[in-house]
Amino acid sequence: MLDLLRSGMVSIRVRKVEIHNDTRNSDSLAEFNLPRSGIEIVVEHMDFPSFSQQSEHGGLAFLAICSVRKLLNRIHHTIYATDQRVPIPAAAASPATNTTEYSTQSSGWALDQVAVELAHQLENWLSSIPKPLRPDMNNNQPTHLQQGWLRLRYWSAKHIIYRPFLILVASTNDPQQLPPFYMESSKNCIEACKNYIETAAFVLGHRTQYTWMTIQAYVSLFYVSFERPLT
Amino acid sequence: MNVEDVCVGCSLQITSTALQHVEHNGEIVQRLDKLESLLSQLQSFVQKRATTPPPTVQETENFSVTDAYLSPTLATSGIPSISQFPYQDVLAFPVGIHAPQISMQMPVQGEGQAMTIPIGHLTTTGSLFCLESIRSLIGDYPEDFFFQIESSRRYVRETPNQNLTQMLNSLAADRPRVEAALEKFFFEIHPHYPILDETKFPIFFDAVLSGSLHREIDAALCLVILALGELIWHSPDSKADDELDCTFFTMAENILTSQSAASFELDTSLPSGLVYAAIYLCYLQRPLQAWKLIHMASTQLQLIVSQ
């Protein structure tokens with residue numbers, strides 16, 4: 001009887017817990033480079049969870065967060081992982097750019113092409129969010145926390161897509177000699193940082209589970225946006 | 001709370017903790033002062049931004065995908081059913097729809113491990129601080145600077161002055177308190193972490209309070225949900241985190257961590273409780289302690305899956 005009660009009363013799906021677990025874990029792993037638990041091997045082969053009608057709205061927002069987590073990880077893998085076959089901007093091969101943060105172990109894939117593609121994927125993610133949930137990115141005043149968090153994820157992803165260009169431009173003596181795309185990407189990065197900071201001001205006004213992470217990114221993006229001013 | 005409060009609070013916290021654990025205190029303090037000075041500029045920056053027109057999203061215009069690949073229902077109506085919402089397809093769409101020349105060349109690394117952050121990536125704040133251009137702004141910091149700060153923060157929980165039975169009995173006698181906390185939990189927290197069944201969980205909670213279910217793990221899950229619901233009542237400015245009453249959480253955490261070491265039961269109360277306890281710690285801005293609980297939950301879940 002108790003077993004029946006337990007299984008019937010608590011409809012907790014292992015799949016949901018695992019996806020939550022990994023989503024939550026990724027943020028800490030990202031910042032602290034902590035050891036993995038091994039759960040990621042299981043999660044990689046799982047579908048996203050489904051939700052009941054009652055929790056559909058929250059479920060959709062949660063799925064949006066899961067999918068942008070995947071995109072963020074893809075950005076990490078493609079641009080920043082210290083791994084093989086990572087892209088590299090042509091200009092990064094010069095000795096003057098030894099302060100870049102993205103991997104320089106390999107070459108062959110142009111970072112500008114990769115950035116265009118990832119930015120395209122980010123816009124696809126945004127446009128795939130159903131209209132009742134989709135934030136208006138022309139306005140940095142969220143109406144509620146969940147929307148604020150979606151915005152933060154968007155601006156965070158955008159900033160890390162373009163950050164290598166800003167770092168490169170800021171560490172180059174004559175940025176005007178770089179391709180126009182580099183300057184444009186640097187501006188995109190700074191714009192993303194500014195928008196993140198504005199949105200974070202709203203989110204940090206509430207008690208949330210995102211506070212530490214938001215402050216951490218806030219500090220990081222603040223300094224990125226205060227790199228050498230672009231002319 | 002405004003932006004300045006957040007920035008100042010953050011930097012003061014960093015300052016006080018770092019002083020105890022990083023060598024060359026004077027030098028570090030100077031750098032942190034510089035950091036704080038830069039952060040203080042932020043308020044005028046934000047005010048200035050607030051008076052300018054909002055930016056446009058140029059990429060949205062360039063990549064006019066909008067709802068093109070969504071189902072007609074998604075594109076034209078209100079909230080669709082989950083089955084119609086192709087989030088998985090969002091990231092698995094044919095690469096380079098708008099830039100076919102890229103699709104032929106770009107390696108999509110991590111395709112098979114997209115939910116996993118890569119080992120050794122370079123986007124942490126610590127990595128950023130090690131860049132020469134950033135170091136010229138703020139000085140030298142170790143790459144694990146934030147780990148040093150967080151790992152050195154004091155983490156002590158007072159032992160509850162009630163045992164579990166007494167705590168559950170007092171809650172059974174105060175149903176309005178339980179109902180209010182559950183309502184708050186499902187309104188504020190559940191949408192971010194929709195693990196529990198909103199309809200069935202209150203019945204489960206009642207079964208625990210009435211003694212129909214008397215496993216410690218089930219009680220711990222209920223207590224941590226209760227703790228989260230009550231935590232939300234407090235605004236960030238109303239109480240410092242150290243002043244919050246964490247009695248329910250502490251009881252739950254004690255049970256969950258001890259059971260995590262001892263239990264081989266294959267149900268989801270333990271990993272769910274651990275995940276929610278980790279979320280509670282995230283609300284208290286304790287990322288490392290939260291990670292430890294998540295790590296425990298992961299181990300338990302792998303055990304369940306393997307069986």
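Student: Are F165(A) and Y182(A) buried or exposed?

Tutor: In this predicted model, both F165(A) and Y182(A) are buried.

Student: How is a pair of aromatic rings described?

Tutor: A pair of aromatic rings is described by the distance of the centres and the angle of the planes. Over all chains, the structure holds twelve aromatic pairs. For F165(A) and Y182(A), the ring centres are 5.2 Å apart and the planes stand at 85°, so the pair is edge-to-face. An angle over 60 degrees is what counts as edge-to-face.

Student: Where in chain A do F165(A) and Y182(A) lie?

Tutor: F165(A) is in helix α6 (residues 145-170) and Y182(A) in helix α7 (residues 180-203) of chain A. The two are 17 residues apart, and their pair links distant parts of the chain.

Student: What is the geometry of the aromatic pair F201(B) and F205(B)?

Tutor: The pair is edge-to-face, with 6.0 Å centre to centre and 90° between the planes. Both residues lie in helix α13 (residues 201-210) of chain B, four residues apart, about one turn of the helix. F201(B) has a relative accessible area of 1%, so F201(B) is buried. F205(B) also counts as buried, at 1% relative accessibility.

Student: Which residues form one aromatic cluster with F201(B) and F205(B)?

Tutor: The cluster also holds F185(B), F186(B), F204(B) and Y276(B).

Student: How many disulfides are there over all chains?

Tutor: The count is zero. A disulfide needs two cysteine sulfur atoms within 2.5 Å. For C189(A), the nearest cysteine sulfur, that of C193(A), is 4.3 Å away, and C189(A) is in no disulfide. C189(A) is buried, with a relative accessible area of 0%.

Definitions and conventions: Residues are numbered from 1 along each chain as its sequence is written. Chains are lettered from A and ligands numbered from 1 in the order in which they are written. This is a predicted model: local features need pLDDT of at least 70, side-chain atom pairs count only at pLDDT 80 or more; totals for chains, interfaces and linings use all residues. Side-chain values use heavy atoms; hydrogens and water are left out. Rings of Phe, Tyr and Trp (its six-membered ring) pair if their centres lie within 6.5 Å; planes under 30 degrees apart count as stacked, over 60 as edge-to-face and the rest as tilted. Buried means under 20% relative accessible area, exposed over 50%, partly exposed in between (1.4 Å probe, protein chains only).
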